[in-house]
Amino acid sequence: AEAIGLYNLGQSCCLNSLLQVFLMNIRFTRILRRITVPSSPAQRRSNVPYQMLLLLEKMQCGKCKAVGPTDLACCLSEHRVELFVQHDAAQLFLTLWNLLRKQMKKPELVGELRDLYTICIQEHLACQKCSFEVKSKSTMLTLPLPVLDANSHRLKTLEDCLQYFFRPEELTGQNMCFCQQCGRKTAFLQSMKLVHLPQTLTLHLKRFCFERSSRTHKLSHYLPFPQELDLRQVLTESQCQADDSEKATWQYELFAVVAHSGSASCGHYCAYIRSLTDCKWYCFNDSEVCQVSWDDVKCTYGHSNLCWRETAYLLFYMKKHPQ
């Protein structure tokens, strides 16, 4: 299918960018095409997966260079997703995903949707005084990666951000935890280990900085990300809780970048997506779609002196050798 644009309905660039990332993902559309069509017109109007499927079909009939996502936007507004306002792409991604999950009736489709996007992590707390430890597993839809370290120094590459996210942290002073074995508050070591990675891995670069004193500002500094990402090379043995067959699938290829330009309070989103059919990169800027080069995508690495310029905000990687 040819790459088709989406008309901006008024500040809907964030929604448009995310819809393109979902709908250009063949593995996602395979799930979408198997949903149960709701029986009544009212249910069809308020069903997000169904409205997304209708939009996909409209985009694939290929009669026009762009289509309007009006019905889907109205459907989303029934689920408290506001129209005509600035959205944050990372939050809207979670909102859309959760609406899709809730409204896909077939359990096997919900399972496939989970498998396609969810990351599994084991959190580990160990008392530094005795042998007491607590382990708990949790799932995440995105890895929210800091772009600054604890001393507000800039992390230099995407790999640095990933390593920093998984670094163990000492909980001391105010942050001490109660140890059941010691019977008092002690220093703990908190660490996260990677258990399982999905087919489509979503990384969120935390470029919006919320400071108590002032309003939100955007961190636009240069931060390169690779076309090929092998997490076995990035993380240490102790940061993984996975066997070799799981780790063998941790080789990824960049699939899409959702980039933000402008300031934190007033900005614009567009999506760069590598088509899975012709392997070429395209830029989806609302109704405008054009083919671009990898060098064009690299322009979203950021630039300290040009804060309003485009910077990557969400990165979507896809497994090279899925099991």
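**A walk through the predicted fold**

Four strands, in the order β4-β3-β9-β6, form an open sheet with antiparallel pairing. Two strands count as paired if DSSP finds at least two bridges between them. Strands themselves are DSSP runs (E, at least two residues), as are helices (H or I, at least four), and both are numbered from the N terminus. The edges of the sheet are β4 (133–140) and β6 (169–171), each pairing on one side only. From one strand to the next, the twist averages 30°. Strands of a sheet pair through backbone hydrogen bonds, either parallel or antiparallel.

This is a predicted model: local features need pLDDT of at least 70, side-chain atom pairs count only at pLDDT 80 or more, and totals for chains, interfaces and linings use all residues. Residues are numbered from 1 along each chain as its sequence is written, and side-chain values use heavy atoms, with hydrogens and water left out.

Look at one pairing in the sheet. Strand β3 (residues 119–127) meets β4 in the antiparallel sense over 8 bridges. Here Ile-121 stands opposite Ser-138 of β4.

Now turn to the helices. Helix α4 (residues 48–60) packs against helix α5 (residues 70–78) at an angle of about 170°, and their axes are 9 Å apart. The two helices are therefore roughly antiparallel. That label applies to angles over 145 degrees; under 35 is roughly parallel, 65 to 115 roughly perpendicular, and the rest oblique. Axes are lines fitted to C-alpha atoms, for helices over the stretch in contact, and angles run from 0 to 180 degrees between N-to-C directions. From α4, the contact uses Val-48, Gln-51, Met-52 and Leu-55; from α5, Asp-71, Leu-72, Cys-75 and Leu-76. Contact means heavy atoms within 4.5 Å. These residues divide into 6 nonpolar, 1 polar and 1 charged. Nonpolar covers Ala, Val, Leu, Ile, Met, Phe, Trp, Tyr, Cys and Pro; charged covers Asp, Glu, Lys and Arg; the others, Gly among them, are polar.

Next, the domains. Domain 1 spans 1–118, and domain 2 spans 141–167 + 198–322. These bounds come from an automatic or database domain assignment. The contact takes 32 residues from domain 1 and 33 residues from domain 2. The C-alpha centres of the two domains lie 22 Å apart. Between them they bury about 2700 Å², 67% of it on carbon and sulfur atoms. Buried area is the accessible area (1.4 Å probe) that two parts lose on being put together, summed over both.

Finally, consider Pro-146, in strand β5 (residues 143–146). Leaving aside neighbours within four places in sequence, Pro-146 contacts Leu-155, Cys-161, Tyr-164, Phe-165 and Lys-206.
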